[in-house]
2 protein chains.
Amino acid sequence: MKQDIKVSVDAVVFGYDPDHGMQLLLIKRRDEPFQKMWALPGGLVLDGESLDDAVNRELKEEAGIRVNYLEQLYTFGKPTRDPRNHAISVSYFALVRPKDFQISAQSDAEDVAWFDIQKLPKLAFDHKEIINVAIKRLRGKITYEPVGFELLDKAFPFSDLENLYQALLGREIDRRNFKKKIAKLSILEALNETIQRKSGRPAQLFKFNRKKYFELKEKGYNFDFFA
Amino acid sequence: MKQDIKVSVDAVVFGYDPDHGMQLLLIKRRDEPFQKMWALPGGLVLDGESLDDAVNRELKEEAGIRVNYLEQLYTFGKPTRDPRNHAISVSYFALVRPKDFQISAQSDAEDVAWFDIQKLPKLAFDHKEIINVAIKRLRGKITYEPVGFELLDKAFPFSDLENLYQALLGREIDRRNFKKKIAKLSILEALNETIQRKSGRPAQLFKFNRKKYFELKEKGYNFDFFA
């Protein structure tokens, strides 16, 4: 059967920075359609290339970055989503620490930048919808598996973890309750070090217990701080 | 850019029957490749057709069934998964009551049948892998949202719900603990009716509280009977 549908991949790369909150990596399109507009990094899959390889290649080609872990999000297939032709997008998402990367525009991207997820520019294609699905997935995710390992520094004050969850949820959390629940999971180890932030007393530093963290991530948990 | 990749959809349709456990809908292929082998219902997306429309059309064309709810599972893209050409599969899964459907082989399917998920035949393409991912997703799902509404009769004895969860998990559960946790969710309503099954005393019938059930499905819960 003759079929004329293009296959592309797109990546929603979230970054967390304690000073700037949840960030999203976008590239500025050099070419039509949607020339000069901001968009998710991504592009067409090559013949004989796996989807995972395609998204990693596009991230490298367009933004100059390499991420350790990409998770498939959803495949968007509305036939009119690309004005040129029927093209589906297999979308992925990743969580990174922005300061681990030196981003730089490459190939068909005119620019690349981190944006605050609360202040996104107008986006090309259906990328706004893809981002909304990714944010929803991320918010759902923290209720059944831990996040943070990929986003926080190796050693961090407890307030960074609280702020991360608040940034992910987009709202305030009950700090006392949160502290109790995190303690119960035993994924944190207290270090014999403190950090002095702008104001207040020096804060104790913690690190994730890598083994415990990934065990919990694998089997899932039930983080009922919504209850 | 020239690209020669086909886009197909496949459906993992699970059925639950209190007498026969978890079932899976398969079709027997009429044509090459994998001629006469069992496979998931599915096929190529038509130009201008959405992915959801494609999977619904294929289910109707190949198995003669129409399901109310399909959820996208994952997109499989290993370039060698189809011996003919590079073809990706956007896979979906659905939960149904087998007895609600009169299945019948249509178009390019030579036969269609329900199989016990514990006794599947050898399968075409990478469909075994797709099914494994679907089973894993389903098992994960029951830990954060209720299932059963689509799978059980309108009125059912509590043991049907227990057996369903056991069939989904593929193992025994602690019945007393299970009963307590389900009660706490308030998703069941006791009816003033009983049912007489093969042996034992007549059992009280229950129905799902539709409103409560879908509220919980939407917001998610934390069903820690794994804990």
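Residues are numbered from 1 along each chain as its sequence is written, and chains are lettered from A in the order in which they are written. Because the model is predicted, local features need pLDDT of at least 70 and side-chain atom pairs count only at pLDDT 80 or more, while totals for chains, interfaces and linings use all residues; side-chain values use heavy atoms, with hydrogens and water left out.

Let us start with how the two chains are arranged. Chain B can be laid on chain A with an RMSD of 0.0 Å, by a turn of 180° and a shift of 0.0 Å along the axis. The two copies are thus related as by a two-fold rotation axis (the superposition is by least squares on the C-alpha atoms of residues with pLDDT of at least 70 in both).

Where the chains meet, 30 residues of chain B are in contact with 30 residues of chain A, contact meaning heavy atoms within 4.5 Å. Of the interface residues of chain B, 100% are also interface residues in chain A, so the copies meet through the same surface. The area buried between the chains is about 2600 Å², and carbon and sulfur atoms give 54% of that; this is the accessible area (1.4 Å probe) that the two parts lose on being put together, summed over both. Across the interface there are 13 residue pairs in polar contact, both residues at pLDDT 80 or more. A polar contact is a pair of N or O atoms within 3.5 Å; within protein, one must be able to donate a hydrogen and the other to accept it, and residues adjacent in sequence count only if both atoms are side-chain atoms. On the side of chain B that touches chain A, strands S1 (6-17), S5 (71-76) and S6 (87-96) of chain B each supply at least two residues, and the largest share, 4 residues, comes from S5(B). Helices (H or I, at least four residues) and strands (E, at least two) are DSSP runs, numbered from the N terminus.

Now turn to chain A and the end of helix H5 (210-219). A:Tyr221 sits in the segment after this helix and is buried, with a relative accessible area of 5%. Buried means under 20% relative accessible area, exposed over 50%, and partly exposed in between (1.4 Å probe, protein chains only). Leaving aside neighbours within four places in sequence, A:Tyr221 has contacts including A:Tyr144, A:Glu145, A:Pro146 and A:Leu185. A:Lys217, in helix H5 of chain A, is also in contact with A:Glu145 and A:Pro146, among others. The side chain of A:Lys217 reaches the backbone oxygen of A:Pro146 at 3.3 Å, and A:Lys217 counts as buried at 15% relative accessibility.

A few backbone details are worth a look. In chain A, a cis peptide bond with omega of about -5° joins A:Glu32 and A:Pro33, and A:Pro33 lies in the loop between strand S2 (21-29) and strand S3 (38-39). The peptide bond from B:Glu32 to B:Pro33 is cis as well, with omega near -10°. The S2 to S3 loop of chain A also holds A:Lys36, whose phi is near 70°, a positive value in a residue other than glycine. A:Lys36 is partly exposed, with a relative accessible area of 45%.
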